[in-house]
Amino acid sequence: YNIEKDEITLVESDKEEFGQRKYYKNFSENAKKFRYVLYADWKDFDKYVQMCRNGIPEFEVEMRLRNRFGDYQWYVVNGKTIIDKDGNPETVIGTIKNIDERKREELRKADERKRDPLTRLYRRFYARELMEEYLEKQAGEDYAGLVIIDIDSFKNLCESMGNAFGD
């Protein structure tokens, strides 16, 4: 990545993953404009660009990028900044590695830990976290409420009538 020109150059193996283009000009702007980076990961992409421009010696960022088939997949981008003779960041060299399968499994397992295996509802600890986050965002703008229904002897009801009835 040429920091001054804001241009990225791909090696042959990356061209196979992302398409036949070798050079991407105005990369920091066009990556978003042409949706090379998934919208949900723009903050991570901005972090990557800032690390390049700020001369962070070595860094790693995970984000979803669009491959040559138009699908977004998880990649880890590792970078090492090359400093010019005046001490300014000049170029970043690095690798882009597809981690989609590992990342999706990681996210699936994390989601599994947050949910009850029978009902697939969020477990109490995570539901509480989500509610607190939601209420913090509201900050007095709207009204918010929560209704919790506690049915006495629910376990007995499920055991006698079956889990399908309880669900």
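This is a predicted model: local features need pLDDT of at least 70, side-chain atom pairs count only at pLDDT 80 or more; totals for chains, interfaces and linings use all residues.
Modeller: Residues are numbered from 1 along each chain as its sequence is written, and side-chain values use heavy atoms, with hydrogens and water left out.

Colleague: What makes Arg 64 and Asp 41 a salt bridge?

Modeller: The term needs a side-chain nitrogen of Lys or Arg within 4 Å of a carboxyl oxygen of Asp or Glu. In this pair, the closest N and O atoms are 2.7 Å apart, so the pair meets that cut-off. It links distant parts of the chain. Arg 64 is in strand β3, Asp 41 in the loop between α2 and α3, 23 residues apart. Helices (H or I, at least four residues) and strands (E, at least two) are DSSP runs, numbered from the N terminus.

Colleague: Why is Asp 41 called buried?

Modeller: Buried means under 20% relative accessible area, exposed over 50%, and partly exposed in between, with a 1.4 Å probe and protein chains only. Asp 41 has 3%, so the residue counts as buried.

Colleague: Why does a spacing of four places matter in a helix?

Modeller: An α-helix has 3.6 residues a turn, so residues three or four places apart point the same way.

Colleague: What is Arg 102 called, buried or exposed or in between?

Modeller: Arg 102 has a relative accessible area of 42%, so the label is partly exposed. Glu 106, at 37%, is also partly exposed.

Colleague: Which residues have the most contacts inside the largest nonpolar core?

Modeller: They are Tyr 1, Phe 27, Phe 45, Tyr 48 and Met 63, in a core of 23 residues. A nonpolar core is a set of buried Ala, Val, Leu, Ile, Met, Phe, Trp, Tyr and Cys residues joined through side-chain atoms within 4.5 Å. α2 (27-33), α3 (42-54), β3 (58-66) and β4 (72-83) each supply at least two of its residues. The largest share, 6 residues, comes from α3.

Colleague: How do you know that the span of α3 is close to the one expected?

Modeller: The expected span is 1.5 Å times one less than the number of residues. α3 has 13 residues, and its 18 Å from first C-alpha to last is close to the 18 Å expected.

Colleague: Why is Asp 6 called buried?

Modeller: Asp 6 has 11% relative accessibility, so it counts as buried. Asp 6 also has a positive phi of about 55°, although it is not a glycine.

Colleague: What makes Phe 154 partly exposed?

Modeller: Its relative accessible area is 33%, hence the label. Phe 154 lies in helix α6 (residues 154-161). With Val 147, Ile 149, Ile 151, Leu 157 and Met 161, Phe 154 forms a nonpolar surface patch of about 600 Å² of accessible area together. Patches are made of residues with over 30% relative accessible area and no salt bridge; like charges are joined within 9 Å, nonpolar side chains (Val, Leu, Ile, Met, Phe, Trp, Tyr) within 5 Å. Accessible areas come from the Shrake-Rupley method with a 1.4 Å probe; for residues, only the protein chains shown count as cover.
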